[in-house]
Amino acid sequence: MSALDESKPARSASTAPQGSVQKVAEKVLPSVVQIQIASSQGSGEGSGIVLSGDGLILTNSHVAEGARSGRLTALFHDNRTAPLRVVGTDPNSDLAVVKADITGLTPAELGRSDDLNVGTPVVAIGSPFGLSGTVTSGIISAKDRPVRAGGESGSQDTVLNALQTDAAINPGNSGGPLVDMDGRVVGINSAIYSPGSGQQQAGSVGLGFAIPIDQARRIADELKETGSANQTTLGVMITNGPQVGALVREVTPGGPAEQAGLKPGEVITKVDDRAILDADALVAAVRSHNPGDRVKITIGGPGGERTVDVTLTGQKG
C-alpha cells in the first residue's frame with residue numbers, strides 16, 4: 001500500500017476567513033490589470049489598478065512611457081483586452097492615469113497610508129515577468145524611504161517617499177496595488193532593489209517599494225482632471241553636504257524657503273519631527289506633503305539650531 005493507492009480526500013468545505021490573503025485576493029484581483037507594452041524597443045509588461053467601471057486605470061509613469069514609442073494594451077481579469085491611451089503622466093511621482101474604452105470593470109477600493117504601521121500585513125498583486133494575477137504577501141518593512149522611481153538610478157526629480165515591503169515584487173509588478181488585509185489599496189508598487197547589475201530583469205530580494213496611496217490619490221485626481229500634476233516644493237536646490245542633512249545650494253526667489261528666511265549654505269536637518277539625513281530624504285519628506293501644507297523646518301549650522309515655519313507650494317512637474 002502506498003500513498004498513491006489512497007483515495008482522494010473529500011473536497012474541503014472550509015471557507016477562507018475574513019482578513020486572510022485568500023479573501024483579499026478574491027476581492028482585489030478583479031480590479032488589477034496587466035499592461036502589455038509593445039514598442040520598437042521590444043515588449044514589456046506592467047500592472048495597473050482599475051479606478052472606474054468605464055476604464056480609468058492608475059499605473060506607473062515608467063509603464064505608461066511605453067505609449068510614446070509604441071502601444072499599450074490592457075488585459076483584464078475577465079480576459080478581455082483593450083488598447084490604452086494616456087490621460088496624464090507625472091514622471092516625478094512615477095504615476096500615470098490611462099484609459100481603456102471598456103465598461104463593466106470593478107474599481108479598486110482605495111485605503112489610506114498615513115496610519116500604516118511597520119509590521120502591518122500587506123498583499124501585492126500584479127504581473128511579474130508577465131505572470132498576470134500573481135499574489136504575494138508580506139508586511140510593511142519600513143516607511144518614509146527615499147527611493148528613486150523605477151529603481152536605484154535616476155535623478156533627484158524622481159525621488160519617492162516610499163513604503164518598503166518584503167512582499168515579493170518583481171519587474172512587471174510596477175503599477176499594481178499593495179493592499180491591506182481589508183483589500184484596500186495602500187500603495188502603488190513602483191520599484192525593486194536588486195544587488196548587482198542587470199537590475200531590470202533581476203528578481204526580488206525582499207526589498208520592494210510602493211508609493212503611498214495618500215500621495216497617489218491626489219496626483220491621480222489631478223492627472224484625471226488636467227492631464228498633469230502639481231509637485232509639492234520647498235523652493236530650494238539642495239545637495240549632500242559634509243555633515244548629516246541637506247545642504248541648501250540655492251533658494252528660489254519668492255519661494256516658500258526664501259519667504260521663511262532660509263539662505264544658501266544652511267543645512268536642513270528636520271522636517272517636523274522627521275530627521276533629514278541627506279538631500280534625497282528632504283525631497284521625499286517634502287513630497288509626502290500636499291501643496292499648502294505648513295511644516296516646521298529645522299536648520300543646523302555654525303550659529304546653532306533654529307526652526308522656521310514654511311508653507312509648501314505646488315508647481316507643475
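Modeller: I169 is buried, with a relative accessible area of 3%. That value, like the others we will discuss, comes from a predicted model.

Biologist: Thanks, a friendly place to begin! Where is the place of I169?

Modeller: I169 sits in the loop that connects β10 (159–165) with β11 (177–179). I169 and A210 are 41 residues apart along the chain, and their C-alpha atoms are 9.7 Å apart in space.

Biologist: Let me step back to the whole chain. Into which domains is the protein chain divided?

Modeller: Domain 1 covers 21–100, domain 2 is made of 120–150 + 158–195 + 202–226, and domain 3 covers 230–316. Taken over C-alpha atoms, the centres of domain 1 and domain 3 are separated by 35 Å.

Biologist: And which residues does the UniProt annotation "domain: PDZ" cover?

Modeller: According to the unreviewed UniProt entry, that annotation covers residues 220–276. In the model, this span is 19% helix and 39% strand, with its end C-alpha atoms 27 Å apart.

Biologist: Now pockets. How should I think about them, and what volume has the second largest pocket?

Modeller: Rolling a probe the size of a water molecule over the atoms shows where empty space is left. Here, the second largest pocket has a volume of about 540 Å³. Its lining has 23 residues, and those closest to the pocket centre are D157, T233, V236, R287 and Q315. Two or more lining residues come from each of β14 (230–233), β15 (236–240), α5 (279–287) and β21 (313–316).

Biologist: Which element gives the most to the lining of the second largest pocket?

Modeller: That is α5, with 4 residues.

Biologist: Let's look at α5 itself. How many residues of α5 are buried?

Modeller: Burial is read from relative accessible area, with under 20% as the cut-off. In α5, 9 of the 9 residues are buried, so the helix is largely enclosed by the rest of the structure. Among them are A279, L282 and V286. At the start of the helix, a side-chain oxygen of D278 comes to within 3.4 Å of the backbone nitrogen of D280.

Biologist: R287 is an arginine in that helix. Why does R287 count as buried?

Modeller: R287 counts as buried because its relative accessibility is 9%. A polar atom of the R287 side chain lies 3.1 Å from the backbone oxygen of V159, and R287 is also one of the residues closest to the centre of the second largest pocket.

Biologist: Last topic: backbone angles. What is the general idea with phi?

Modeller: Most residues other than glycine have a negative phi.

Biologist: Where are the places of N79 and D272?

Modeller: N79 belongs to the loop between β4 (70–75) and β5 (81–90), while D272 belongs to the loop between β17 (267–271) and β18 (274–275).

Biologist: Is N79 buried or exposed?

Modeller: N79 counts as exposed, at 63% relative accessibility. D272 is partly exposed, with a relative accessible area of 33%.

Methods. Residues are numbered from 1 along each chain as its sequence is written. This is a predicted model: local features need pLDDT of at least 70, side-chain atom pairs count only at pLDDT 80 or more; totals for chains, interfaces and linings use all residues. Side-chain values use heavy atoms; hydrogens and water are left out. Domain bounds come from an automatic or database domain assignment. On a 1 Å grid over the protein atoms alone, a cavity is a set of points where a 1.4 Å probe fits but cannot get out, and a pocket is an open set with protein on both sides within 12 Å along at least five of seven lines; lining residues have an atom within 4 Å of a point. Grid points are joined across faces, edges and corners, and a volume is the space filled by probe spheres set on the points. UniProt positions are given in the numbering used here, feature names are shortened, and annotations may be inferred rather than shown by experiment. Buried means under 20% relative accessible area, exposed over 50%, partly exposed in between (1.4 Å probe, protein chains only). A polar contact is a pair of N or O atoms within 3.5 Å; within protein, one must be able to donate a hydrogen and the other to accept it, and residues adjacent in sequence count only if both atoms are side-chain atoms.
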